[in-house]
Amino acid sequence: MAKLDKEEWLVSNLYDFEENEEGNLMIVKNETHSNISVIKETLPNNSITKYLVKRLRDRKQL
Amino acid sequence: MLLTIRCIPMVTLKPIINLFEQQKGSIPKDKDKTKYIIDKSFIEAWIEKNDDDSKHAKVFSDLIAFIKRKKLPLDVFIPIDCLLALKKDNKKYVENEDFKRIISSLFTIIEVDPEDSDLKQEESIKILTKAYVTQGYNIVIITLNEKLYEDIKKVSNVYIKKPDEMLFIIACFCSMFPELTQVYETWFNSC
């Protein structure tokens with residue numbers, strides 16, 4: 001069980017970080033099995049933390 | 001030392017950086033031979049809390065995103081045992097897929113001992129620290145629970161720092177990225 005717990009952290013589809021035309025920070029979510037970028041989201045106030053905390057609050061996991 | 005970047009024009013960052021560099025026991029200057037390790041308390045501060053130390057954990061994590069965008073080298077490790085410890089504490093956010101992807105994207109998750117699934121998070125950090133120090137690296141452990149690491153603090157080239165003591169690094173990068181100064185100000189916005 002503990003070994004399975006460890007494996008859940010072996011995430012392969014990581015986010016890339018880019019900037020948009022205004023120079024604001026974006027995260028880029030890539031398709032798991034291709035290099036095609038599917039979603040780009042601009043980070044609020046250039047903050048990955050604010051983005052994450054909002055997602056967690058929206059899902060009532062924080 | 002309580003120093004903030006807020007309301008300080010970019011041109012005055014250099015004296016702040018110089019001041020930190022002169023401090024005894026400050027963060028090592030050889031950036032290429034320095035690696036950082038965060039622990040469970042750092043994650044709790046980053047995600048859950050809102051005091052000054054926690055705000056510095058937040059801005060340090062935001063800094064890592066800027067560094068990733070610019071492809072600059074700055075290795076920040078977190079042993080997998082720290083994440084398992086959070087799970088044992090029943091932190092709901094540890095199950096969140098965005099959390100998993102973001103933490104994996106910002107930091108390097110490392111399995112210290114594949115044979116041991118019950119390793120205490122602080123023990124895994126000490127093992128990792130000793131391994132890198134043996135290879136000639138400086139190690140900075142960023143934690144809000146310094147007492148856990150008092151024994152390893154005596155080892156040369158090991159630095160135990162609270163998040164607010166990372167202001168030196170943040171100030172260095174603020175001088176490179178004006179946007180990062182704005183991010184800092186959104187966390188410490190009482191000018």
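How many nonpolar, polar and charged residues does the lining of the largest pocket have? In this predicted model, the lining divides by class into 7 nonpolar, 1 polar and 5 charged residues. The space in the largest pocket amounts to about 250 Å³. Its lining is made up of 13 residues, of which K31(B), D32(B), T34(B), P73(B) and L74(B) are the closest to the pocket centre. Two elements of chain B, β1 (34-38) and α8 (167-174), each supply at least two residues of this lining. The largest share comes from α8(B), which contributes 4 residues.

The contact between the two chains was examined next. Chain A contributes 32 residues to the contact and chain B contributes 40 residues. Together, chain A and chain B bury about 3300 Å², and 61% of this area is on carbon and sulfur atoms. On the side of chain A, K6(A), W9(A) and F17(A) account for 25% of the area buried against chain B, more than any other three residues.

The rule finds 12 residue pairs in polar contact between chain A and chain B, with both residues at pLDDT 80 or more. Salt bridges across the interface number 3. A salt bridge joins E19(A) to K70(B), with the closest N and O atoms 3.6 Å apart. In chain A, the elements that give two or more residues to the side touching chain B are α1 (2-7), β1 (15-19), β2 (25-30) and α2 (48-58). Of the elements on this side, α2(A) gives the most, with 8 residues. By class, the residues of chain A on the side that touches chain B comprise 13 nonpolar, 8 polar and 11 charged.

Over all chains, the structure holds 16 salt bridges. Side chains of opposite charge can pair when their charged atoms come close. Within chain B, K40(B) forms a salt bridge with D89(B), and the closest N and O atoms of this pair are 2.6 Å apart.

Terms used. Residues are numbered from 1 along each chain as its sequence is written. Chains are lettered from A and ligands numbered from 1 in the order in which they are written. This is a predicted model: local features need pLDDT of at least 70, side-chain atom pairs count only at pLDDT 80 or more; totals for chains, interfaces and linings use all residues. Side-chain values use heavy atoms; hydrogens and water are left out. On a 1 Å grid over the protein atoms alone, a cavity is a set of points where a 1.4 Å probe fits but cannot get out, and a pocket is an open set with protein on both sides within 12 Å along at least five of seven lines; lining residues have an atom within 4 Å of a point. Grid points are joined across faces, edges and corners, and a volume is the space filled by probe spheres set on the points. Ala, Val, Leu, Ile, Met, Phe, Trp, Tyr, Cys and Pro count as nonpolar, Asp, Glu, Lys and Arg as charged, and the others, Gly among them, as polar. Contact means heavy atoms within 4.5 Å. Buried area is the accessible area (1.4 Å probe) that two parts lose on being put together, summed over both. A salt bridge is a side-chain nitrogen of Lys or Arg within 4 Å of a carboxyl oxygen of Asp or Glu. A polar contact is a pair of N or O atoms within 3.5 Å; within protein, one must be able to donate a hydrogen and the other to accept it, and residues adjacent in sequence count only if both atoms are side-chain atoms.
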